[in-house]
Amino acid sequence: MQQRLSVKEKISYGLGDMASHIGLENVIIFLTFYYTDVVGLPAVFVGTLFLLARVTDAIIDPVMGMVADRTRTRWGKFRPWLLWLSVPFGVSCLLIYAVPETLSLTGKMIYASVTYCLMMLMYTAINIPYCSMGAIITSDDTQRISLQSWRFFLATLGGATSTFLMMPLAQWLGGGNKLDGYFGAMSVMASLAAIMFLICFFNTRERVSAPASHGNFIADLRDLLRNDQWRIVALLVFFNISFGVVRLGAMMYYVTYFLGDASLFMWLLAAHIIGKCIGSAMSKWMTRRLSKLTIFTLSAVITGLLSISIVFLPATLSLLVAMTVVVSCFYQVTTTLMWVMMSDVVDYGEFKQGKRMDGTVFSTLLAVLKMGMAVSGAIVGWTLGLSGYVAQASQQQSSAMMAIIALFSVVPGVLSLLSALAMRGYKLNDATMRGINQHKLSDSHPAAETNVLKPQELS
């Protein structure tokens, strides 16, 4: 019988992702402006730094996952990384906003490169064990869905905290000095993130037996690629993150040139955040009535069709805000369930291959996620460039307008529909996962269950 997780533990686990989003979303939204307009770094250098660091980070992810899988401590495999790296993660976030004013341009470029890469390394080192924990806190699907619902609700709040408080804090703490303002604001954010990771460490437990791995890295990767359900979830991860990156990447262009007012961006961003919060909570309620496979597919189809239908909407702010709330809500449902499916893939791999690789599974899927971010981000830039888009033009030519509208509606809509199509190959439904858990129980207690699912019966 599975232990029911307390609300305290679910919230504590969610605080870990809230901490991650406070750090990462701050970097995504504000760091480019800080580097170019506050520090004075060339925009081309900043863009190149971000691209190379992100690709390198995606390569490092599987290595960190395999290291985490081989960790043995009295606290478990993954939890200790939160204890060890909570403060270093916070410090690394602070260092990127501490570019010395006295350095030459070359010195500032070197400093930015070193500290940004350090921050991404710390993020990878703490985030991969954190994500992997979701699979071993509980093996019960219902509890996993509830756990991930709390996680993404709090993660969304973390992103919102970073988005809406960073600039007011910077102005208040720095006065007329932008360098001091950003440093002071990030000091507050980084301290909060470190504290949240520590709360997550102290109030969660690893319950699923997950002995440290001893095989070599190449063998782990080979076994992973043989896991057909890992391949399906990798597709879902790629399509899911690409939806978000393309749509959010096009949002500012959409409000600026289609709605005609860049200040309206905050309205749509707020609607997006509200929709995600609702979707995080709604996913738990929906899966009480239908299977997670059915809910994921329906939500992906609804998200895709509603996103595409934006093409036919008039340029009315109230209508677009309402549509954004609904689209983001169902998009967040698919995101929440996708992370539950990652945990299922770990159990399935152990069931089929007799080898549990939590860290390797999550780290490689996070590598796919980061590559999806890089590819979809490039698609936005390439599409705008090829369409004849002119930066800061008072009016864009028709081909550029069509590209902007398509990037905000049709392209993400198609990506969502592709994720629904990919679900046809996913076979870890609720009944199958119950059978896998019964099989694990029978291995631990042979007399407890005799009529259980066998690995050869799932093909």
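**Lys370**

I looked up Lys370 and found it buried, at a relative accessible area of 9%. Lys370 sits in helix H12, which runs over residues 358-386. I asked which residues Lys370 touches, leaving out those up to four places away in sequence. Those contacts are Arg54, Asp57, Ala58, Asp61, Tyr123 and Thr124. I note here that this is a predicted model.

**Confidence**

I checked pLDDT next. The chain average is 87. Of the residues, 93% score at least 70. Over residues 445-452, pLDDT stays under 50. For that stretch the model has seven contacts beyond four places in sequence.

**Salt bridges**

How many salt bridges does the structure hold? I get 18. Side chains of opposite charge can pair when their charged atoms come close. I went through several pairs.

Arg207 counts as partly exposed at 32%.

I turned to Lys427 and Asp228. They form a salt bridge, with the closest N and O atoms 3.2 Å apart. Lys427 lies in the loop between helix H14 (410-422) and helix H15 (430-444), and Asp228 lies in helix H8 (residues 228-258), so this pair ties together parts that are 199 residues apart in sequence. Lys427 is partly exposed, with a relative accessible area of 22%. Asp228 is partly exposed, also listed at 22%.

I also looked at Arg226 and Asp223. Their side chains meet in a salt bridge at 3.7 Å, N to O. Arg226 counts as exposed, at 55% relative accessibility. Asp223 counts as buried, at 14%.

I then asked which residues are linked in a network of salt bridges. The members are Asp141, Arg144, Lys292, Asp344, Asp347, Glu350, Arg356, Asp358 and Asp430.

**Cysteines**

How many disulfides are there? The count comes to zero. I looked at Cys93. The nearest cysteine sulfur is that of Cys117, 14 Å away. A disulfide needs the two sulfur atoms within 2.5 Å, so Cys93 is in no disulfide. Cys93 is buried, at 1% relative accessible area.

Cys131 is buried, with a relative accessible area of 1%.

**Thr336**

I placed Thr336 in helix H11. Thr336 is buried, with a relative accessible area of 0%. Which residues does Thr336 touch, not counting those up to four places away in sequence? I list Ile145, Gln148, Ser149, Phe152, Ser280 and Ser283. Phe152 is one of these contacts. Along the chain, Phe152 and Thr336 are 184 residues apart. Their C-alpha atoms are separated by 6.8 Å.

**Val38**

Is Val38 buried or exposed? Val38 is buried, at 18% relative accessible area. Buried means under 20%, so Val38 falls within that class. Val38 touches Phe33, Lys178, Leu179 and Tyr182, with residues up to four places away in sequence left out. I also looked up the spacing to Ala391. Val38 and Ala391 are 353 residues apart in sequence. From C-alpha to C-alpha they are 21 Å apart in space.

**Nonpolar surface patch**

Last, I looked at the surface. Which residues form a nonpolar patch there? I noted Val311, Phe312, Val410, Val414, Leu418 and Leu421. Together they have about 520 Å² of accessible area. I followed up on Phe312. Phe312 lies in the loop between helix H10 (292-309) and helix H11 (317-353). Phe312 is exposed, with a relative accessible area of 69%.

Methods: Residues are numbered from 1 along each chain as its sequence is written. This is a predicted model: local features need pLDDT of at least 70, side-chain atom pairs count only at pLDDT 80 or more; totals for chains, interfaces and linings use all residues. Side-chain values use heavy atoms; hydrogens and water are left out. Patches are made of residues with over 30% relative accessible area and no salt bridge: like charges are joined within 9 Å, nonpolar side chains (Val, Leu, Ile, Met, Phe, Trp, Tyr) within 5 Å. Accessible areas come from the Shrake-Rupley method with a 1.4 Å probe; for residues, only the protein chains shown count as cover. A salt bridge is a side-chain nitrogen of Lys or Arg within 4 Å of a carboxyl oxygen of Asp or Glu. Helices (H or I, at least four residues) and strands (E, at least two) are DSSP runs, numbered from the N terminus. Buried means under 20% relative accessible area, exposed over 50%, partly exposed in between (1.4 Å probe, protein chains only). pLDDT is the predictor's confidence in each residue, from 0 to 100. Contact means heavy atoms within 4.5 Å.
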